[in-house]
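Q: Could you walk me through reading a model like this one, feature by feature? I'd like the general idea, then the case at hand.

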Amino acid sequence: MDVKFSIFELADDLPPIKIIDIGAMKLQGDPKSHIFDNLKAHGAQFVGFEPVAAECAKLNEHASPSEINLPYAIGDGNTHTFYETNASMTSSLYEPNTALLEKFQELANYVETVRTYPIQTHRLDDIPETMGGDYIKIDVQGAELDVLRGAIARLKDAWVVEAEVEFLPLYKNQPLFSDIDIFMREHGFILHRFSGTMGRTFKPILITSNPGATLSQLLWSNAIYIRDFMTLETLPPAALLKAAVILHEIYYSFDLVSLILLTYDKLTDADLGSRYVKRLTQNSA
């Protein structure tokens, strides 16, 4: 299905969403950068967290008026050792599992600890700026479950949650996908899909000129969680619209958005869902 339209083309009065981005460092080629900019242009608030001070300063240098980035490490609220690595994006509250990383092509050399230091973490529930977040994105290199455990109240406000998950312990003693999945289901969310599932080949095998190619072993992905679609009719109409905006603009989940908007029509006597389905049909014909 080749559907290239923004949901804002169908309605210009959609409620603005609030995005909580934990691990907000900008990465070259990240498609979410453009998407987030588009959402900000339509009134979205943005609260980002990046504990690497230099990276947080870069974010604030280019921040929009509706954006704030804070240099906090989000976690359980306790003091932990922070492992700063040679590639800032792989720094973590967990120690790199070098013995495992070295089994694969092009992993260990991007996760080399250059220094360690104590860092005070903050619970998301204790940060006033995060109240009312509709969409929570978490990418903290193994500490995602620690973030979620400190965000019980914030999860009650959220409609969509994305968390990076690992299938093998790339960091020592880190929680894995199964641990996060159990936690999320216990708090009213269901797995919607994976995005950006990645792996590496075991050394010495190299199947292409790209050492980052995957052959058989999966290592990590982004897991997208949503509110149970069997309970849509119990949600406030404004919440349905916010969920639709997130799932259309960020994840292109057109079939689920159709279900959400048709439910919105049923609750409000609107025709947004029917117009959305018609637009999808026109673009996919």
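Q: Which residues line the second largest cavity?

A: Rolling a probe the size of a water molecule over the atoms shows where empty space is left. On a 1 Å grid over the protein atoms alone, a cavity is a set of points where a 1.4 Å probe fits but cannot get out, and lining residues have an atom within 4 Å of a point. Here the lining consists of Trp159, Val160, Ile226, Arg227, Phe229, Leu232, Leu235, Leu240, Ala243, Leu247, Leu256 and Ile260. Strand S10 (218-227), helix H7 (237-249) and helix H8 (254-268) are the elements that give two or more residues to this lining. H7 gives the most, with 3 residues. Helices (H or I, at least four residues) and strands (E, at least two) are DSSP runs, numbered from the N terminus.

Before we go on, a word on the source: this is a predicted model, where local features need pLDDT of at least 70, side-chain atom pairs count only at pLDDT 80 or more, and totals for chains, interfaces and linings use all residues. Residues are numbered from 1 along each chain as its sequence is written, and side-chain values use heavy atoms, with hydrogens and water left out.

Q: What volume does the second largest cavity have, and how does its lining divide by class?

A: Grid points are joined across faces, edges and corners, and a volume is the space filled by probe spheres set on the points. For the second largest cavity that comes to about 90 Å³. As for class, Ala, Val, Leu, Ile, Met, Phe, Trp, Tyr, Cys and Pro count as nonpolar, Asp, Glu, Lys and Arg as charged, and the others, Gly among them, as polar. The lining has 11 nonpolar, no polar and 1 charged residues.

Q: How many cavities of 30 Å³ or more does a search of the whole structure find, and what lines the largest cavity?

A: The search finds 2. About 120 Å³ of space lies in the largest cavity. Its lining has 15 residues, with Asp21, Ala24, Lys26, Ser33 and Phe36 nearest the centre. Helix H1 (31-41) and strand S3 (67-70) are the elements that give two or more residues to the lining, and H1 gives the most, with 4 residues. By class, you get 5 nonpolar, 3 polar and 7 charged residues.

Q: And the largest pocket: what is its volume, and which residues lie nearest its centre?

A: A pocket is an open set of grid points with protein on both sides within 12 Å along at least five of seven lines. The largest pocket has a volume of about 1200 Å³. Of the 48 residues that line the pocket, Leu27, Met89, Asp139, Gln141 and Glu164 lie nearest its centre. S9 gives the most to the lining, with 4 residues. The lining divides into 28 nonpolar, 9 polar and 11 charged residues.

Q: Now the rings. Which residues form an aromatic cluster?

A: A pair of aromatic rings is described by the distance of the centres and the angle of the planes. Rings of Phe, Tyr and Trp (its six-membered ring) pair if their centres lie within 6.5 Å. By this rule the count is 11 aromatic pairs, and Phe36, Phe46, Tyr135 and Tyr251 form one cluster.

Q: Where does the charged end of lysine 40 sit?

A: A charge sits over a ring if NZ of Lys or CZ of Arg is within 6 Å of the ring centre and within 35 degrees of the ring normal. The charged end of lysine 40 is over the ring of phenylalanine 46, 4.4 Å from its centre. Likewise, arginine 279 places its charged end over the ring of phenylalanine 5, 4.6 Å from the centre.

Q: Is asparagine 173 buried or exposed?

A: Buried means under 20% relative accessible area, exposed over 50%, partly exposed in between (1.4 Å probe, protein chains only). Asparagine 173 counts as exposed because its relative accessibility is 74%. This residue is in the loop between strand S8 (160-166) and helix H6 (177-186).

Q: What about the backbone: which bond joins lysine 203 and proline 204?

A: A cis peptide bond, with omega about 10 degrees. Proline 204 is in the loop between S9 and S10. Tyrosine 252 is another residue to look at: its phi is positive, about 55 degrees, although it is not a glycine. Tyrosine 252 lies in the loop between H7 and H8.

Note on methods
Phe/Tyr/Trp six-rings, centres within 6.5 Å; stacked < 30°, edge-to-face > 60°.
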